[in-house]
Amino acid sequence: MALLIDDSCINCDMCEPECPNQAITMGEEIYMIDPERCTECVGHYDKPTCVSVCPIDCIATDPQRVESADELLLKYARLTGKLDD
C-alpha cells in the first residue's frame with residue numbers, strides 16, 4: 001500500500017526530507033504523498049521512515065492503494081532503475 005497523510009498534519013517538515021523516493025511534497029495546506037512514488041520505503045529501509053519521524057502519527061496506509069510487498073518492490077525497481085535481469 002502507499003501511505004497517506006491525514007488532515008491532522010501540522011506541517012512540521014519532518015517527513016519530506018526522509019522520503020528516499022521524493023514522494024512527499026507540500027500540498028495546498030498539508031504535506032501529501034504521491035502514491036505513484038511511495039514504496040513504503042521498500043528497497044531502501046525496513047520500515048517507512050516518514051512514519052518513524054512523524055511526531056503526531058498522521059501517516060497511515062492508504063486503503064485505496066492496496067499493494068503487495070512484491071508490487072512495492074517492483075515500483076522501487078522502476079523508480080530507481082534497479083531492475084533485475
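This text walks through a predicted model, from the whole chain down to a few of its side chains. Residues are numbered from 1 along each chain as its sequence is written, and side-chain values use heavy atoms, leaving out hydrogens and water. Local features need pLDDT of at least 70 and side-chain atom pairs count only at pLDDT 80 or more, while totals for chains, interfaces and linings use all residues.

The protein chain contains two helices and four strands. These elements are DSSP runs numbered from the N terminus, with at least four residues of H or I for a helix and at least two of E for a strand. Along the sequence their pattern is β-β-β-α-β-α.

The C-alpha trace spans about 45 × 25 × 25 Å along its principal axes. For 85 residues, a compact globule would have a radius of gyration near 12 Å, and the protein chain agrees, with 12 Å. That radius is taken over C-alpha atoms, and the globule rule is 2.2 Å times the number of residues to the power 0.38. Of the 85 residues, 33% count as buried. Buried means under 20% relative accessible area, exposed means over 50%, and partly exposed lies in between (1.4 Å probe, protein chains only).

Next come the charged side chains. Side chains of opposite charge can pair when their charged atoms come close. A search of the whole structure finds two salt bridges, each defined as a side-chain nitrogen of Lys or Arg within 4 Å of a carboxyl oxygen of Asp or Glu.

Arginine 65 lies in the loop between strand E4 (59-61) and H2, and glutamate 36 in the loop between E3 and H1, so the pair ties together parts that are 29 residues apart in sequence. Arginine 65 is partly exposed, at 29% relative accessible area, and glutamate 36 is also partly exposed, at 43%.

Another salt bridge links glutamate 67 to lysine 75, whose closest N and O atoms are 3.0 Å apart. Lysine 75 sits in helix H2 (residues 69-80) and is buried, with a relative accessible area of 7%. Its side chain also reaches the backbone oxygen of cysteine 38 at 2.8 Å. Leaving aside residues up to four places away in sequence, lysine 75 touches Pro35, Glu36, Arg37, Cys38, Thr39 and Glu67, where contact means heavy atoms within 4.5 Å.

Conventions: A polar contact is a pair of N or O atoms within 3.5 Å; within protein, one must be able to donate a hydrogen and the other to accept it, and residues adjacent in sequence count only if both atoms are side-chain atoms.
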